[in-house]
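Notebook open, structure loaded. I want to jot down what I look up as I go.

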Amino acid sequence: QVQLVESGGGLVQPGGSLRLSCTASGFTFNMYGLSWFRQAPGKQRELVAEISSSRVTNYSDSVKGRFTISRDNAKNTVYLQMNSLKPEDTAVYYCYIPRYLSWGQGTQVTVSS
């Protein structure tokens, strides 16, 4: 079955960086696009970034220029490089594959001094 496992979250100071990873299994990874979403306490889940099978990318305005999504098809992994982090980036970050409507379990990112 489709499985997505996120890792790489943690506590970081404002201005710092983190790299999230999402390792997938149960489908032909290189054929499909994947997305990163996030959900802050009391807020709706929102799209952060997405990458197509042909590596076309799209970002929310709030992270454009600071976050970079990429994929390594040999490792069945999609990454989210997050730079210049702000307190408002604090959220649980989820990996998502639209083709199978499947979510990972999420990884917590906390930006605080």
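I take contact to mean heavy atoms within 4.5 Å. Before the entries, two notes on the source: this is a predicted model, where local features need pLDDT of at least 70, side-chain atom pairs count only at pLDDT 80 or more, and totals for chains, interfaces and linings use all residues. Residues are numbered from 1 along each chain as its sequence is written, and side-chain values use heavy atoms, with hydrogens and water left out.

**Entry: glutamate 6**

I looked up glutamate 6 and found it in strand 1, residues 3–7 (strands are DSSP runs of E, at least two residues, numbered from the N terminus). What is in contact with glutamate 6, leaving aside neighbours within four places in sequence? I got Ser21, Cys22, Trp36, Tyr93, Tyr94, Cys95, Gly104, Gln105, Gly106 and Thr107.

Glutamate 6 is buried but has no salt bridge. For the record, buried is under 20% relative accessible area, exposed is over 50%, and partly exposed is in between, with a 1.4 Å probe and protein chains only. A salt bridge puts a side-chain nitrogen of Lys or Arg within 4 Å of a carboxyl oxygen of Asp or Glu. The nearest side chain of opposite charge is arginine 45, 7.5 Å away; here Lys and Arg count as positive, Asp and Glu as negative, and His and the chain ends are not counted.

So which backbone nitrogens does the side chain of glutamate 6 reach? I noted that of cysteine 95, 2.7 Å from a polar atom of the side chain, and that of glycine 106, at 2.9 Å.

**Entry: the disulfide**

I found 1 disulfide in the structure (a pair of cysteine sulfur atoms within 2.5 Å). Cysteine 22 and cysteine 95 form it, with their sulfur atoms 2.1 Å apart. Cysteine 22 sits in strand 3 (residues 18–25) and cysteine 95 in strand 9, so the pair ties together parts 73 residues apart in sequence. The S-S torsion is about -85 degrees, so I logged this disulfide as left-handed. Both cysteine 22 and cysteine 95 are buried.

**Entry: loops**

Arginine 55 has a positive phi of about 70 degrees without being a glycine. I placed arginine 55 in the loop between strand 5 (46–51) and strand 6 (57–59), partly exposed at 45% relative accessible area.

Serine 84, also not a glycine, has a positive phi near 50 degrees. I found serine 84 in the loop between strand 8 (77–82) and strand 9 (91–97), partly exposed at 41%.

Proline 87 lies in the loop between strand 8 and strand 9. Its C-alpha is 6.4 Å from that of proline 14, 73 residues apart along the chain.

Terms used. Helix = DSSP H or I, 4+ residues; strand = E, 2+ residues; numbered from the N terminus. Polar contact = N/O pair within 3.5 Å; in protein donor to acceptor, adjacent residues only side chain to side chain.
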